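Thank you all for coming; I would like to take you through one protein chain this morning. Please have the sequence and the model in view while I talk.

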Amino acid sequence: MSVKIKHFPGEEIETRDFREGRVLFESFRPKARYAWSAGIAISRFLEELKNGRILASTCSKCGRIMVPPRIYCEKCFKPTDGWTYVKDTGVINTFSVSFIASDASRLKEPIVVAVIELDGASEGMGIVHLIDEYGDWRELKIGMRVQAVWKPPEERTGAITDIKYFKPVRE
Ligand SMILES: [Zn+2]
């Protein structure tokens, strides 16, 4: 035979009881402040985007030109030791066509995100960005040449969005 508990011992409390001071409690606002650094290489990279230039770092040992720049060559296990600029043109290394918006709603016109290998950077170095002005997305191809479309200088803030998107270059 089972016993059903109809009333638990103790007092039930509600939010109101806290507000009205009927329950002993402690309250405080933590002064938690956070700062996040982009690091040496990415900070310089973002600063240069404001000037409409794409910065890469170089390794004198293996000769690689890395973009986005990093301060450490993971191939040679040594710090990178130079800087250079790469072009704002390149080729699509891979891409994704999405008909789902960030709020999970369905889109009529897709968002296209690609990895772009920039001219002047070593093979396999790519940045992720949007592709637009492509016409029909079914005509997008790996290896297609693209070019950056920049925001006007006065609107740039030192963010990757200083480049609005990359557009196919019709050759
Ligand atoms: Zn290296």
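Lys50 forms a salt bridge with Glu47, and the closest N and O atoms of the pair are 3.8 Å apart; a salt bridge here is a side-chain nitrogen of Lys or Arg within 4 Å of a carboxyl oxygen of Asp or Glu. Side chains of opposite charge can pair when their charged atoms come close. Both Lys50 and Glu47 lie in helix H2, three residues apart, which is about one turn of the helix. Helices (H or I, at least four residues) and strands (E, at least two) are DSSP runs, numbered from the N terminus.

Before going further, a word on where this comes from: this is a predicted model, in which local features need pLDDT of at least 70 and side-chain atom pairs count only at pLDDT 80 or more, while totals for chains, interfaces and linings use all residues. Residues are numbered from 1 along each chain as its sequence is written, and side-chain values use heavy atoms, with hydrogens and water left out.

Staying with H2, which covers residues 40-50, its buried residues are Ala41, Phe45, Glu48 and Leu49. Seen down the axis of H2, these buried residues fall within an arc of 110°, so they line one face of the helix; the arc is that of the directions from the helix axis to the C-beta atoms. What do the buried residues of H2 pack against? They pack against strands E1 (54-58), E5 (82-86), E9 (145-150) and E10 (163-168), with contact meaning heavy atoms within 4.5 Å. After H2 comes Gly52, whose phi is positive, near 75°.

In one of them, the side chains of Arg22 and Asp17 meet at 2.8 Å, N to O, and here Arg22 is exposed at 53% relative accessibility, whereas Asp17 is buried at 8%. Asp17 and Arg22 are also linked with Glu20 in a network of salt bridges. Another salt bridge joins the side chains of Arg138 and Asp136 at 3.1 Å, N to O; Arg138 is exposed at 58%, and Asp136 is partly exposed at 28%.

The C-alpha atoms fill a box of roughly 80 × 45 × 45 Å, taken along the principal axes, and buried residues make up 30% of the 171 residues.

Finally, please look at Phe77, in the loop between strand E3 (72-73) and strand E4 (78-79), which is exposed, with a relative accessible area of 64%.

How values were computed: Buried < 20%, exposed > 50% of the residue type's maximum accessible area, 1.4 Å probe, protein only.
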